[in-house]
Amino acid sequence: MKKLTLLGDITPEQFLRDYWHKKPLLIRQAIPGFKPLLPFDKLAELATKDYVESRLVTKTTEGSWDMQHGPLKELPARKQREWTMLVQGVNLQDDNADALLRQFRFLPDARRDDLMVSFATDGGGVGPHFDSYDVFLLQAEGQRRWKISAQKDLTLIEGLPLKILKKFKATEEFVLEPGDMLYLPPHYAHDGEAIGDCQTYSIGFRSPSYQELGEAFLQFMADSIDLPGRYADPELEPTSKPAEIPKAMLGKLADELNKVSFTEDDFAIFLGEYLSEPKHNVFFQPLEKPLTAGKFQQSAEKNGVSLSRKTQMLYRGKNVFINGESFAMNKADKATLETLANTRGLNGATVAGASEDVLEALFAWYTDGWLELNK
Ligand code: SIN
Ligand code: CO
């Protein structure tokens, strides 16, 4: 694979082999000349919306931390020191932010989470902590001093509204300038302090816990298991202990319930629906005045279509997943739908060669706001 400037002078293969999930990597000028994609006012406006997750972190007079969850109707004065505003999911709100996140597509979409933007005034930060996810910290404005530590002791201070390490002993320290980027593997202790006004973009990756996945999988299976028949006991005998569950009943039912089994396909469909499901605060706006199917087709065949930035489209084998829904592709449509998922769009010629089924799906996704016509 070719080198990405994003990773400095190493290839994605080298990055994944030597750093991903293993050790930190500082990349000076990962994006030379990088500037904030949104002005401060736009960011602050996003933080006022109830469909955007935001937090305000301030330092208390005793030197501890305080946190307020958004929507943030008011912010401290810009000239006040030591506060941080964190805005999650900025990629869902802005095309340039979405394009930045998609520069990391040498990693699978199934692992990608979101772009969080933080704005901090001098001395601001969220304190020494660790994250459970891989993260790329891209400096967007001003400077931030990152102290990081390979320490194993990840005990947190109890009773605080945010995760702060009890003991933090930095083993390395760097000052990041705009365009510099620091990759940190999960559970790597870090503490970033703003030097003057500072914006940091966090490109985060998700890795669901097994417990969370297991619970969701069993819920999913509850809707899809098929166990015909009903318990029967024609051989029942009189009992002198009516309150006791009969041993034979337990055995017979255990045998029946043990027939529940999971196929590779069950796991794939569950995982695809789960990973493509929009987050709880993501809503699609169905079009108020969509074109007719015929007009849509005409335009799509001319200019092509693109997935909207909120759409998550994945596939595995014959199954395609889009925004939490799944369906099986037939062989003829597989190449077209895989291209749509991998390149997040189709050109006009490909749409013109698409089957009726694909056209119907594209039209439905267009009216739901999942996909847009190219201009
Ligand atoms: C920040 O940008 O202030 C915090 C990001 C992080 O430490 O994960
Ligand atoms: Co962090």
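**Close-up views of a predicted model**

View 1. With a relative accessibility of 35%, phenylalanine 262 counts as partly exposed. This is a predicted model, as are the views that follow. Look for phenylalanine 262 in the loop between α5 (247-257) and α6 (264-276). Together with Leu218 and Phe267, Phe262 forms a nonpolar patch on the surface. The accessible area of Leu218, Phe262 and Phe267 together is about 290 Å².

**View 2. The surroundings of ligand 1.** Here you can pick out the residues around ligand 1, among them Leu86, Met116, Ser118, Val126 and Leu137. Trp146, Thr200 and Ser202 also belong to these surroundings, as does His129. Histidine 190 has a side-chain N or O atom 3.2 Å from an oxygen atom of ligand 1. For aspartate 131, a polar side-chain atom lies 3.3 Å from an oxygen atom of the ligand. Arginine 144 places a polar side-chain atom 3.4 Å from an oxygen atom of ligand 1. Taken alone, ligand 1 exposes 260 Å², and the protein buries 95% of that area.

**View 3. A salt-bridge network with Arg81, Glu82 and Asp122.** Salt bridges link Arg81, Glu82 and Asp122 in a network. Within this view, glutamate 82 pairs with arginine 81 in a salt bridge, and their closest N and O atoms are 3.4 Å apart. Side chains of opposite charge can pair when their charged atoms come close. Arginine 81 counts as partly exposed because its relative accessibility is 47%. Glutamate 82 is likewise partly exposed, at 26%. In total, the count for the model comes to 17 salt bridges.

**View 4. The pair of arginine 105 and aspartate 109.** The side chains of arginine 105 and aspartate 109 meet in a salt bridge, at 2.7 Å from N to O. Aspartate 109, at 10%, counts as buried, since buried means under 20% relative accessible area.

**View 5. A salt bridge between aspartate 153 and lysine 167.** In this close-up, aspartate 153 forms a salt bridge with lysine 167, with the closest N and O atoms 3.7 Å apart. Both aspartate 153 and lysine 167 sit in the loop between β6 (135-149) and β7 (172-176), 14 residues apart. Aspartate 153 is partly exposed, with a relative accessible area of 30%. Lysine 167 counts as exposed, at 57% relative accessibility.

Terms used: Residues are numbered from 1 along each chain as its sequence is written. Chains are lettered from A and ligands numbered from 1 in the order in which they are written. This is a predicted model: local features need pLDDT of at least 70, side-chain atom pairs count only at pLDDT 80 or more; totals for chains, interfaces and linings use all residues. Side-chain values use heavy atoms; hydrogens and water are left out. A salt bridge is a side-chain nitrogen of Lys or Arg within 4 Å of a carboxyl oxygen of Asp or Glu. Buried means under 20% relative accessible area, exposed over 50%, partly exposed in between (1.4 Å probe, protein chains only). Helices (H or I, at least four residues) and strands (E, at least two) are DSSP runs, numbered from the N terminus. Patches are made of residues with over 30% relative accessible area and no salt bridge: like charges are joined within 9 Å, nonpolar side chains (Val, Leu, Ile, Met, Phe, Trp, Tyr) within 5 Å. Accessible areas come from the Shrake-Rupley method with a 1.4 Å probe; for residues, only the protein chains shown count as cover. A residue is near a molecule or strand if one of its heavy atoms lies within 4 Å of it. A polar contact is a pair of N or O atoms within 3.5 Å; within protein, one must be able to donate a hydrogen and the other to accept it, and residues adjacent in sequence count only if both atoms are side-chain atoms.
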